[in-house]
Amino acid sequence: MSDSQPIYAGIDVSKPTVDLALGPDTEVLSFANDDVGHGALIAVLKAQRGPVALVVLEATGGYEFACAAALQGAGLAVAVINARQARDFARAMGRLAKTDRIDAQGLAHLASVLALRKDLGRLTAALPDAQQQVLRALVTRRRQLVQMKTAENHHLNTGVAPAKKSIQAMIRSIKTQLRHVEDDIAAHVKAHCQALAAQLGAVRGIGDKTAAVLIAELPELGKLSRRQISALAGVAPMNHDSGRSNGKRSIYGGRAGVRAALYMATLVASRYNPVIKAFYQRLLSVGKPKKLALTACMRKLLIILNAMVRDSLPFNSALHGIVHQNA
């Protein structure tokens, strides 16, 4: 390998280890997924003859954060991608088997392709700082507790009498934990991002919980274009056309937690936010289905929030009603 030839690395992450491939067909090296292992991994990358142009990791439920942050802190370009995207690429390249070694090699191959993208800078943007990671963990925990409470309520409605006492005790416990986590979220937001939360919360439809989700899970808010932020959140309509056939546009992918929070916020905004309500009613008046109209309103609401944060401006009904008329 010549000194000028760039290196594209793929790292498969699990809870105990990180596996490094420096190309699609190279030997895979394994390191512990801790500070010592990350240091050894960085030393190997820094020791390569050619420049390491891009390192790709697959999102694995948070196990990749510390490693990705260490790599980025060492000055390496790092992209953390969706697990489904990684598997789709692997299948397209004929990598049907799945092992840690194969996954790392597939990610290295994907890195060489992603490096050609004009928007690579968006993929290698700075990772969340420590405070944002704490907020993200709290928001994720709240979501888990809400899901658990929903499941237990379902069990309560369908369970037999002898089991209901246990289910009711579990629901009480979950509610207690949920209150504690929500208190922790409120305290963290007040201590570290109160101004941003207040700016978002001034928009009708955006409550404290939605603001916390946006701050924690969409740190790119205000830093990307309207199209980019919509795609990132998974509310941008995707084409399904082939030849002369024009398929229905639909949304998919993106960040599910953000999209769910936006949906609930939009339900409220479509009734009480003057801009979103007018937009929603206009879409219905021309025959758009309610689901499609709500999706369009989700995108419009997100674009408004993105513009507000970008320009450090408060919500302005007249301004957003004009500027985003064709959102």
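Modeller: Start with D88 and R91, whose side chains meet in a salt bridge. This is a predicted model: local features need pLDDT of at least 70, side-chain atom pairs count only at pLDDT 80 or more, and totals for chains, interfaces and linings use all residues. Residues are numbered from 1 along each chain as its sequence is written, and side-chain values use heavy atoms, with hydrogens and water left out.

Colleague: Why is the pair D88 and R91 called a salt bridge?

Modeller: The term needs a side-chain nitrogen of Lys or Arg within 4 Å of a carboxyl oxygen of Asp or Glu. For D88 and R91 the N to O value is 3.7 Å. That is within 4 Å, so the pair qualifies.

Colleague: What separates D88 and R91 along helix α3?

Modeller: About one helical turn, because they are three residues apart in helix α3. Helices here are DSSP runs of H or I with at least four residues, and strands are runs of E with at least two, numbered from the N terminus.

Colleague: What makes R87 and D103 a salt bridge?

Modeller: Their closest N and O atoms are 3.9 Å apart. The pair links distant parts of the chain, with R87 in helix α3 (residues 83–92) and D103 in helix α4 (residues 100–114), 16 residues apart.

Colleague: How do you know whether R87 and D103 are buried or exposed?

Modeller: By relative accessibility. R87 has 15%, so it counts as buried. D103 has 9%, so it counts as buried too.

Colleague: What about D311 and R310: which value makes them a salt bridge?

Modeller: The closest N and O atoms of D311 and R310 are 2.9 Å apart. D311 is partly exposed at 37%, and R310 is partly exposed at 47%.

Colleague: How many salt bridges does the rule give?

Modeller: Six. Side chains of opposite charge can pair when their charged atoms come close.

Colleague: How many helices and strands does the chain have, and what share of its residues counts as buried?

Modeller: The chain has 14 helices and seven strands. Of its 327 residues, 40% count as buried.

How values were computed
Buried means under 20% relative accessible area, exposed over 50%, partly exposed in between (1.4 Å probe, protein chains only).
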